[in-house]
Amino acid sequence: MEKFERKANEEALARREKKKPSPKKNDITLVVEYCKGCGLCVDICPTGTLQLKDNIESKFGVSVNVDAPGYCIGCKMCEQRCPDFAIFVNYEDEEKNEK
Amino acid sequence: MRDYEKYIRYRTFPTPWCPGCGDGVILKAIAMAFSDLKLEPDDIVVVAGIGCSGRTPTFFNTNTLHVTHGRALTFATGIKLARPEKMVVVISGDGDALAIGGNHLIHAARRNIGLNMILINNGIYGMTGGQVSPLTPQKFVTETTPYGNIEPKFMASELLIAARASFVARETVVRFHPLRQVIKKSFQHKGFSVVEVISNCHINLGRRNKMKDPISMTRWIESRSIAKAQYEKLAPEEQNHKYPVGILKEDKERLEYSELYYKHIVPTAQKQDRENKGAK
Amino acid sequence: MSKREVLQGNIIAAKAAVAAGCNFFAGYPITPSSEIAQYMSLELPRLGHDFIQMEDEIASLGACIGASLAGKKVLTATSGPGFSLMQEQLGMAVMAEIPLVIINVMRGGPSTGLPTKPAQSDMMQARWGTHGDHPIIVLYPAFAREIYCETIRAFNLSEQFWNPVIVLLDEVIAKAHEDISIPDQKDISIYTSKETEVEDLNIYDRAIGENPPRVDFFKGYPIHIDGLEHDKHGWPTTDPDTVDRMQTLRMQKIYHYLDEIITYKEYYMDDAEIMIFSFGVSARSALAAVKIAREQGIKLGLFQAKTVWPFPKIVLRERFKRIKKVLTVELNMGQMKYEIERVAPDDVEKKALLRANGIPFTPLEIIAAVKEFKYERL
């Protein structure tokens with residue numbers, strides 16, 4: 001794992017420590033075949049739910065993991081930020097058109 | 001299943017872009033804009049030239065076209081004039097839009113032909129390994145400017161405004177929600193619209209200039225984006241380092257080219273023809 | 001009943017294009033072909049069709065290809081410098097199997113050259129101008145009526161074979177005003193490629209020698225058209241077997257149909273002992289030379305190639321079994337003469353009458369060359 005990936009993980013953990021678990025349950029769907037382990041979702045998650053983990057099956061050796069599913073607040077910023085269509089939040093829900 | 005996924009051609013995945021590349025984010029924003037506007041996939045054609053940005057059409061589940069370097073706007077002009085009712089989206093990168101394609105860019109803008117262009121500005125020629133582009137900031141090191149770039153960059157949006165484009169906007173891949181909104185707005189514009197998207201190429205530009213991962217390059221882009229009103233208050237030396245974002249120009253009054261052609265040229269020609277034949 | 005008119009060669013070609021169903025023209029003015037663009041700018045809007053003057057020749061061919069993909073029959077017209085600019089786009093049309101017609105009115109070259117003088121110096125460029133292995137059909141009429149018929153045939157061939165077709169003219173026949181009886185529209189046969197059912201987005205794979213099962217945009221299939229080498233769906237690939245198959249398919253769709261594509265005209269060839277091989281404006285002088293020579297008792301014959309590429313190798317080899325002297329007459333420093341040298345067996349005496357100074361050959365010059373059989377610059 002590269003230095004910047006470790007740093008993203010640390011910063012995510014630091015953000016998580018300041019938060020509480022989310023009252024509502026949110027599902028996170030990962031498409032591991034598309035994940036390139038870039039770390040943008042880990043960086044943007046406001047509650048530090050995600051972490052990068054070494055993964056020999058991933059093309060780039062690293063992929064995203066849902067480290068603390070209870071902390072996900074369903075904001076979908078990871079889904080928006082992901083360039084690879086590799087992460088979806090509450091995938092079963094119909095998407096509401098955002099104004 | 002998301003609504004916008006019907007515009008995505010998953011059969012050609014995974015994408016060839018580097019981990020963290022902004023091109024994938026733009027792909028998603030465009031698909032979301034198509035979905036918001038409830039367009040039929042078959043009524044859309046996405047055209048792109050050469051470069052990393054040029055690979056984008058492969059992943060859209062619409063009619064797609066991948067053409068020669070710099071000429072995407074010319075192919076798109078032919079399609080739009082032939083089928084004016086269809087939606088024609090053009091995706092270009094630095095070189096495709098402003099180096100080899102610069103001439104076609106200003107003419108498409110001048111003509112106000114109803115193409116919706118997404119100009120991906122990552123400040124480098126990524127596909128070919130990281131050479132300097134007309135949008136690379138000064139002093140940056142690239143494969144062909146190993147001692148630092150001495151050429152000032154184009155401000156693409158401002159260039160287009162001078163070329164009489166009727167809708168010009170700039171956004172970044174970092175601010176996803178505004179990006180999606182402005183792309184949707186540009187698609188609703190009838191004439192020639194351009195959204196310049198500041199994107200990150202950390203592998204080629206960032207890596208040689210102290211930002212070799214997507215997250216630090218994201219921070220850098222964030223620090224350089226500024227609202228237009230605040231940009232205008234800055235001194236010129238400071239303006240050099242910033243990109244004003246938002247909708248920079250919107251002219252809804254100007255008629256689109258093919259509309260003008262079918263409203264003016266064809267009826268005039270047919271009227272003259274009738275008069276000539278009547279006079280015989 | 002078709003009426004006789006006096007028309008300029010450029011206008012004859014333009015009228016033929018409209019008669020063939022051309023409904024989109026994008027071009028850039030260049031001497032000596034600008035009249036075609038001007039005629040199209042008047043006529044196409046009258047018919048509710050599209051005309052646009054683009055900012056350069058590269059943009060012109062780009063717009064043509066885009067419109068062809070959107071379902072139009074397209075034409076552009078240019079000359080040497082513009083034709084050079086168009087080469088990259090032409091390659092794209094060959095690669096993605098897109099029909100279109102380019103008229104190249106040849107003038108003195110290279111570079112800016114002699115804008116107002118004729119030449120036949122783009123023969124090889126028409127075949128090999130664009131990079132990579134590519135099949136191409138190149139037609140070259142010589143007489144007024146041929147300009148009309150070959151231009152229509154160019155559209156039909158491009159539709160039939162899903163390939164660009166180039167129509168060569170030269171500054172003389174394009175600018176000359178000649179009398180012609182334009183055929184009635186009902187007497188002209190137009191070919192339009194048929195709509196196909198596309199299965200699983202396969203728009204390119206088929207048996208060798210067949211045409212692609214391709215559709216245009218907006219027919220209900222989300223197809224991908226690419227300048228990169230592609231698989232049967234059009235998606236980019238570098239797999240060697242796929243690439244090999246695609247290259248073969250593109251070549252063989254044309255090379256299986258040489259009998260249909262190749263046309264030529266022969267004059268006084270039945271008992272000829274000396275053959276002139278020529279085309280375009282040079283063929284017209286050569287025809288007059290043949291008639292004069294025959295009166296003088298010289299057994300001269302003329303083989304006029306109307307299709308210059310693919311080269312009429314098979315029929316010429318037949319002629320060379322009997323005729324053992326050939327004179328290539330071309331207004332350049334030697335291009336098609338190399339094809340004759342390649343095709344004719346060793347026992348055929350081969351000569352060429354060449355020059356590229358902007359002055360067409362006169363019949364007497366050609367006869368002098370035939371008599372001396374010593375005139376050769378190279």
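### A strand and its surroundings

A: In chain C, strand β7 (residues 137-139) pairs with β8(C) in the parallel sense, over three bridges, where pairing requires that DSSP finds at least two bridges between two strands, and where strands (E, at least two residues) and helices (H or I, at least four) are DSSP runs numbered from the N terminus. The model is predicted, so that local features need pLDDT of at least 70 and side-chain atom pairs count only at pLDDT 80 or more, while totals for chains, interfaces and linings use all residues. Residues are numbered from 1 along each chain as its sequence is written, and chains are lettered from A and ligands numbered from 1 in the order in which they are written.

Within this pairing, V138(C) has I166(C) of β8(C) as its bridge partner. The two strands also belong, together with helix α7 (residues 144-161) of chain C, to a right-handed β-α-β unit; right-handed here means that, with the strands pointing away from the viewer, the path from the first strand over the helix to the second runs clockwise. Strand β5 (residues 100-108) of chain C is likewise a parallel partner of β8(C), through seven bridges, and in this pairing V105(C) stands opposite L169(C).

Strand β8 of chain C covers residues 164-170, and because seven of its seven residues are buried, the strand is largely enclosed by the rest of the structure. Buried means that 20 or more other C-beta atoms, placed from the backbone, lie within 10 Å of a residue's own, whereas 12 or fewer make it exposed and values in between partly exposed. In a regular strand the side chains alternate between the two faces of the sheet. Both faces of β8(C) are covered, with P164(C), I166(C), L168(C) and D170(C) buried on one side and V165(C), V167(C) and L169(C) buried on the other.

Elsewhere in chain C, the loop between α13 (336-343) and β16 (349-354) holds A344(C), which is buried, with 23 other C-beta atoms within 10 Å.

Two pairs of chains touch, and the most contacts are between chains B and C, a contact being two residues whose C-beta atoms, placed from the backbone, lie within 7 Å. By comparison, no contact joins chain A and chain C, and their closest C-alpha atoms lie 19 Å apart. The contact between B and C takes 33 residues from chain B and 37 residues from chain C, and on the chain B side the largest share, eight residues, comes from α2(B). Across this contact, β2(B) runs parallel to strand β10 (residues 224-226) of chain C and is joined to it by three bridges, among them one that makes H224(C) the partner of T64(B).
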